[in-house]
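Me: I have this one open and would like to go through it piece by piece. Can we start with what the words mean?

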Amino acid sequence: IMKIKFPFGQPILSNSENYSIKKVLDSKILVHGPITSKFEDLFKKFTKAKEAVSVSSCTAGMHLVYFALGIGKGDEIIVPAQTHISTAHAVELTGAKAVFVDCDLKTGNILASDIEKKINRKTKAIAIVHFLGIPVDISEIKKIAKKNNLFILEDCALAIGAKYNNKHVGTIGDVGVFSFYPVKHFTTGEGGIIITKNKKLSKKLKLLRAFGVNKTFSERKKGLYNSNYLGLNYRMSEIHAAIGCSQIKKLPSFLKQRKINFDLMYKKISNNKKIQVIKSNNKFLHSSNYCLSIILRSDISKKRDEIIKKLNKEGLGTSIYYPHPVPRMNYYKNKYKYDKKNFKNATIISDNSIALPVGPHLKQNQIIKISKIINNILEHYE
């Protein structure tokens with residue numbers, strides 16, 4: 001078995017998480033308790049959001065938002081071709097259709113100029129994804145949405161800590177949805193959260209995430225409750241929230257280390273003529289530095305698998321964001337008949353990029369070693 005010395009991602013856990021979990025277990029309240037509310041409050045404070053609704057995952061959160069809006073069969077939602085499949089799945093699960101738009105080659109973010117071409121009377125919303133934590137330049141998209149009366153969902157799965165014009169991502173569109181999967185900026189084990197300024201929507205989301213039932217467990221008298229809506233079971237448990245409460249306190253230091261690591265690796269490898277780094281140079285956009293993704297120069301891109309194998313052999317954990325443009329994934333390809341002339345930029349990123357680790361589990365001297373490994377391996381390719 002190949003030994004990975006420098007993992008791509010790794011949750012940083014300590015006794016504080018153990019203690020938080022134990023407190024929940026001792027309380028015997030594992031769902032519908034005070035810790036979930038506390039976690040929502042901490043997240044609101046961090047992002048300066050008005051409302052926060054914790055959920056079982058980011059995918060569940062996105063689906064819940066569309067479900068609450070009544071989106072369904074006959075509706076369309078614009079989705080970036082360059083994203084995780086869950087961004088599109090959340091749309092398809094409602095019975096609506098995901099309509100794909102290509103991305104910008106420099107940042108991997110949705111091309112605002114291509115959105116308008118895809119809008120018709122069936123279009124109900126635009127899903128934007130802050131790719132690898134690089135904020136989407138959203139001002140143009142907001143104008144398009146306003147003109148066409150469209151809802152904006154921000155998929156912030158890789159973007160905790162990212163800011164646009166000093167506003168935390170997720171607070172700029174109508175809702176922001178975040179992920180706390182183990183390799184993200186911080187973790188709850190599994191889980192997600194929705195933030196919004198819309199109090200009415202937030203109230204509805206809180207009901208819908210727990211069957212549409214009108215009373216939480218602690219509010220029920222004699223076990224009585226009613227159901228006002230058809231709902232789902234997308235709650236976050238107290239155990240997951242407890243891990244989140246502990247982790248979010250460490251988030252500022254995690255983000256600081258990520259930035260140091262990203263900047264250092266960028267400095268060490270960006271002069272390499274064989275690659276381009278996916279990065280935003282807009283001074284109003286502050287990335288959450290989820291990872292550093294390189295695009296191989298076209299003449300060596302066919303050797304990507306070989307290069308990844310060599311990097312892994314040197315103990316470097318890598319990933320690909322993402323292995324296919326979503327419309328090329330079998331489900332979408334079979335359903336909507338993928339045309340390879342479309343989504344050219346998303347295809348270049350999917351087929352030619354390698355994602356490298358910059359997480360806080362790595363120290364600066366390790367980043368220097370990683371950069372050396374990358375440069376040394378690329379040296380052998382002409």
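Reply: Buried stands for under 20% relative accessible area and exposed for over 50%, with partly exposed in between. Keep in mind that this is a predicted model.

Me: OK. Which way do the residues of strand β13 point, and are they buried or exposed?

Reply: β13 covers residues 353–356; Ser353 and Ala355 point one way, Ile354 and Leu356 point the other way, and all are buried.

Me: Which strand does β13 pair with, and in what sense?

Reply: β13 pairs with strand β12, residues 292–296, in the antiparallel sense over 4 bridges. Within that pairing, isoleucine 295 stands opposite serine 353.

Me: How many bridges between β6 and β11?

Reply: Strand β6, residues 163–164, pairs with β11 over 2 bridges in the antiparallel sense. Lysine 163 is opposite histidine 286 of β11 there.

Me: What about the loop between β6 and β7?

Reply: Asparagine 165 is in that loop. Its phi is positive, about 50 degrees, although asparagine 165 is not a glycine. Asparagine 165 is partly exposed, at a relative accessible area of 44%.

Me: Where else is there a positive phi in a residue other than glycine?

Reply: Leucine 132, with phi near 55 degrees. Leucine 132 lies in the loop between β4 (123–129) and α6 (139–148). Leucine 132 is buried, because its relative accessible area of 2% falls under the 20% cut-off. Lysine 28, which follows α1, also has a positive phi, near 70 degrees.

Me: How common is that in general? And which peptide bond is cis here?

Reply: Most residues other than glycine have a negative phi, and most peptide bonds are trans. The cis bond joins tyrosine 321 and tyrosine 322, with omega about 0 degrees. Tyrosine 322 is in the loop between α9 (304–313) and α10.

Me: Back to α1, then. What span should it have, and what does it have?

Reply: Helix α1 runs over residues 15–27, and at 1.5 Å a residue its 13 residues should span 18 Å. The end C-alpha atoms are 18 Å apart, so the two agree.

Me: Which residues of α1 are buried?

Reply: Glu17, Ser20 and Val24. They cover an arc of only 65 degrees around the axis, which means they are on the same side of α1.

Me: Why does that spacing work?

Reply: An α-helix has 3.6 residues a turn, so residues three or four places apart point the same way.

Me: What do the buried residues of α1 pack against, and what is on the other face?

Reply: The buried residues pack against α2 (34–47) and α8 (238–269). The face turned away from the buried side carries the exposed residues Asn15, Tyr19 and Lys23.

Me: Aromatics now. How many pairs?

Reply: The count is 17 aromatic pairs. One of them is phenylalanine 100 with phenylalanine 343, edge-to-face, 6.4 Å centre to centre and with 85 degrees between the planes. That pair links distant parts of the chain, 243 residues apart: phenylalanine 100 is in strand β3 (residues 97–101), and phenylalanine 343 is in the loop between α10 (330–336) and α11 (344–352).

Me: Are those two buried or exposed, and which cluster are they in?

Reply: Both phenylalanine 100 and phenylalanine 343 are buried. Ring pairs join Phe100, Tyr331, Tyr332, Tyr336, Tyr338 and Phe343 into a cluster.

Me: Last one: what sits over the ring of tyrosine 266?

Reply: The charged end of lysine 279, 4.8 Å from the ring centre.

Terms used
Residues are numbered from 1 along each chain as its sequence is written. This is a predicted model: local features need pLDDT of at least 70, side-chain atom pairs count only at pLDDT 80 or more; totals for chains, interfaces and linings use all residues. Side-chain values use heavy atoms; hydrogens and water are left out. Buried means under 20% relative accessible area, exposed over 50%, partly exposed in between (1.4 Å probe, protein chains only). Two strands pair if DSSP finds at least two bridges between them. The expected span of a helix is 1.5 Å times one less than its number of residues. The arc is that of the directions from the helix axis to the C-beta atoms. Contact means heavy atoms within 4.5 Å. Rings of Phe, Tyr and Trp (its six-membered ring) pair if their centres lie within 6.5 Å; planes under 30 degrees apart count as stacked, over 60 as edge-to-face and the rest as tilted. A charge sits over a ring if NZ of Lys or CZ of Arg is within 6 Å of the ring centre and within 35 degrees of the ring normal.
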